[in-house]
Amino acid sequence: MSARPGLSDIFLGTLVLSLMAVGGANAIVPELHRQTVELRHWLSGPEFAALFAIASAAPGPNVLIVTLIGWQLAGIPGALVATLGICAPSSLLAWTVGHIWERLKGSPWRAIIQRGLAPVTIGLVLGSGWLLTGAAAKSWHGVALAAVAALVYWRAKFNPLWVLGAGALIGLVRWL
């Protein structure tokens with residue numbers, strides 16, 4: 001891995017990603033991975049996958065992945081700067097658009113825009129899942145485990161933490 005980034009690097013990196021997070025932070029996971037693992041080499045693929053797993057298992061917003069990456073790279077200041085960078089621009093934009101959106105109530109343009117954004121959001125979230133499966137699973141066994149976990153998660157009537165716990169147990173006993 002290359003040298004650790006400065007706080008300004010972390011802030012600017014998350015600032016740019018903030019406005020791409022249509023549908024939530026999971027939509028930017030592929031780009032976040034590309035930036036931190038492939039381009040800048042700040043994290044390894046397994047480190048990124050582990051931080052994503054922790055963020056997914058922890059209660060709270062899905063933006064926690066960005067906070068954990070900032071923390072991994074520069075401790076508490078990195079976590080604060082990353083969180084500010086990812087939250088501030090999109091929050092200001094959402095606040096501004098919310099006011100405009102309210103004024104467009106009843107407009108045909110509002111319905112058209114809503115219908116158009118739904119497939120974009122779904123595609124970005126599916127891209128995140130595809131990327132994380134590839135980063136975490138390097139064998140056909142791992143891919144099969146990820147597929148079964150996704151199926152169980154999709155159909156389960158119980159807390160998804162049980163699925164994550166089962167995956168952790170399989171990794172702990174080195175079945176894969």
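Biologist: Why is Lys105 called exposed?

Modeller: This is a predicted model, and in it Lys105 has 55% relative accessibility. Exposed means over 50%. The value of 55% passes that cut-off, so Lys105 counts as exposed.

Biologist: What makes Glu102 and Lys105 a salt bridge?

Modeller: Their closest N and O atoms are 2.7 Å apart. The cut-off is within 4 Å, between a side-chain nitrogen of Lys or Arg and a carboxyl oxygen of Asp or Glu. The pair meets that limit, so Glu102 and Lys105 form a salt bridge.

Biologist: And Glu102: buried, partly exposed or exposed?

Modeller: Partly exposed, at 45% relative accessibility. Buried needs under 20% and exposed needs over 50%.

Biologist: How far along helix H2 are Glu31 and Arg34 from each other?

Modeller: They are three residues apart, which means about one helical turn between them.

Biologist: Why is Glu31 called buried, and what is Arg34 called?

Modeller: Glu31 has 18% relative accessibility. Buried means under 20%, so Glu31 is buried. Arg34 has a relative accessible area of 33%. That falls between 20% and 50%, so Arg34 is partly exposed.

Biologist: How do you know that the length of helix H7 agrees with its residue count?

Modeller: H7 runs over residues 161-172, twelve residues. At 1.5 Å a residue, they should span 16 Å. The end C-alpha atoms are 16 Å apart, so the two values agree. Just after H7, Arg174 takes a positive phi of about 60°.

Biologist: How many cavities of 30 Å³ or more does a search of the whole structure find?

Modeller: One. The largest cavity has a volume of about 110 Å³. It is lined by 15 residues, and those closest to its centre are Ile10, Thr14, Leu32, Thr36 and Trp42.

Biologist: Which helices each supply at least two residues of that lining?

Modeller: Helix H1 (7-18), helix H2 (29-39) and helix H4 (64-103). By type, the lining has eight nonpolar, five polar and two charged residues.

Technical notes: Residues are numbered from 1 along each chain as its sequence is written. This is a predicted model: local features need pLDDT of at least 70, side-chain atom pairs count only at pLDDT 80 or more; totals for chains, interfaces and linings use all residues. Side-chain values use heavy atoms; hydrogens and water are left out. Helices (H or I, at least four residues) and strands (E, at least two) are DSSP runs, numbered from the N terminus. The expected span of a helix is 1.5 Å times one less than its number of residues. On a 1 Å grid over the protein atoms alone, a cavity is a set of points where a 1.4 Å probe fits but cannot get out, and a pocket is an open set with protein on both sides within 12 Å along at least five of seven lines; lining residues have an atom within 4 Å of a point. Grid points are joined across faces, edges and corners, and a volume is the space filled by probe spheres set on the points. Ala, Val, Leu, Ile, Met, Phe, Trp, Tyr, Cys and Pro count as nonpolar, Asp, Glu, Lys and Arg as charged, and the others, Gly among them, as polar. Buried means under 20% relative accessible area, exposed over 50%, partly exposed in between (1.4 Å probe, protein chains only).
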